[in-house]
Amino acid sequence: MRSVDELVQLFRNKGLRMTPQRRLIFTLLADDTSHPTADELYRRAIEIMPDLSRMTVYSTLAELVSLGELTETETDLDRSVRYDTNVGIHHHLLCVRCRALVDLPDEKVGVSISTTEDLGYQILRQQVTLYGYCPRCQQTPDV
Ligand SMILES: [Zn+2]
Ligand SMILES: [Zn+2]
């Protein structure tokens, strides 16, 4: 995702409405690598702007997705849509206990998928998810 100022400029160039509420959402996303859900973002946003509507969060996220600045990602653990600010090809680690979803560092990636053209598919996205327990969850005993 681009910087907050660049996103503001991009929205203006596209004729999309730019408001302080939207700028706040950009700011919250800018340094967020946690793959938040819309609800999580909404809860963070209303701590700063209590009058911000849930609708504003959803519409801003939808516009960022359609501009290619965010991607939607779903896990089969909870089916909720999470937003990824890293729009490049990358892979994920998912904790099956606390559901933390983190990007797998590039140097850890040895996954190589050879061309799938012979299968007749047009590939839209490449993403592998590794499931396990995060370091914190391994240290806390089961409740
Ligand atoms: Zn965990
Ligand atoms: Zn990611």
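Biologist: Which elements make up the secondary structure of the protein, and in what order do they run from the N terminus?
Modeller: In this predicted model, the secondary structure comes to five helices and five strands. Listed from the N terminus on, the order of the elements is α-α-α-α-β-β-β-β-β-α.

Biologist: How far apart do the C-alpha centres of domain 1 and domain 2 lie?
Modeller: The domain assignment gives domain 1 as residues 4-74 and domain 2 as residues 89-139. The C-alpha trace of the whole protein spans about 50 × 40 × 25 Å along its principal axes. Between the C-alpha centres of the two domains the distance is 25 Å.

Biologist: Is α1 oblique or roughly parallel to α2?
Modeller: Two packed helices are described by the angle between their axes and the distance between the axes. Helix α1 (residues 4-13) and helix α2 (residues 20-30) have axes 9 Å apart and pack at about 140 degrees. Angles over 145 degrees would count as roughly antiparallel. The angle of about 140 degrees therefore makes α1 to α2 oblique.

Biologist: Which residues make the contact of α1 with α2, and how do they divide by class?
Modeller: The crossing of α1 past α2 is right-handed. On the α1 side the contact is made by V4, L7 and V8, and on the α2 side by R23, F26, T27 and A30. By class these residues are five nonpolar, one polar and one charged.

Biologist: What is the relation of α3 to α4, oblique or roughly perpendicular?
Modeller: The axes of α3 and α4 come within 10 Å and cross at roughly 125 degrees. The range for roughly perpendicular is 65 to 115 degrees. The crossing at roughly 125 degrees therefore makes the relation of α3 to α4 oblique.

Biologist: How many charged residues does the contact of α3 with α4 have?
Modeller: α3 passes α4 in a right-handed crossing. A38, L41, Y42 and A45 in α3 meet R54, V57, Y58 and L61 in α4. The contact has seven nonpolar residues and no polar ones, and the number of charged residues is one.

Biologist: Is L52 buried or exposed?
Modeller: L52 is found in the loop between α3 (38-48) and α4 (54-66). Leaving aside neighbours within four places in sequence, L52 is in contact with Q21, A45 and I46. A residue with 20 or more other C-beta atoms within 10 Å counts as buried. L52 has 20 such atoms and is therefore buried.

Biologist: Which value does phi of H35 take, and is H35 buried or exposed?
Modeller: Most residues other than glycine have a negative phi. H35, in the loop between α2 and α3, has a positive phi near 55 degrees. Because 23 C-beta neighbours lie inside 10 Å, H35 counts as buried.

Biologist: Where does R99 lie, and is R99 buried or partly exposed?
Modeller: R99 lies in the loop between β3 (92-95) and β4 (101-103). Phi of R99 is also positive, near 65 degrees. With 15 other C-beta atoms within 10 Å, R99 is partly exposed.

Biologist: What percentage of contacts between residues at least 6 apart in sequence join residues at least 24 apart?
Modeller: The protein has 143 residues, of which 16% count as buried. Among contacts between residues at least 6 apart in sequence, the share that joins residues at least 24 apart is 47%.

How values were computed
Residues are numbered from 1 along each chain as its sequence is written. Chains are lettered from A and ligands numbered from 1 in the order in which they are written. This is a predicted model: local features need pLDDT of at least 70, side-chain atom pairs count only at pLDDT 80 or more; totals for chains, interfaces and linings use all residues. Axes are lines fitted to C-alpha atoms, for helices over the stretch in contact, and angles run from 0 to 180 degrees between N-to-C directions. Helices (H or I, at least four residues) and strands (E, at least two) are DSSP runs, numbered from the N terminus. Angles under 35 degrees count as roughly parallel, over 145 as roughly antiparallel, 65 to 115 as roughly perpendicular and the rest as oblique. A crossing is left-handed if the near helix is turned anticlockwise from the far one by less than a right angle, and right-handed if clockwise. Two residues are in contact if their C-beta atoms, placed from the backbone, lie within 7 Å. Ala, Val, Leu, Ile, Met, Phe, Trp, Tyr, Cys and Pro count as nonpolar, Asp, Glu, Lys and Arg as charged, and the others, Gly among them, as polar. A residue is buried if 20 or more other C-beta atoms lie within 10 Å of its own, exposed if 12 or fewer, and partly exposed in between; C-beta atoms are placed from the backbone. Domain bounds come from an automatic or database domain assignment.
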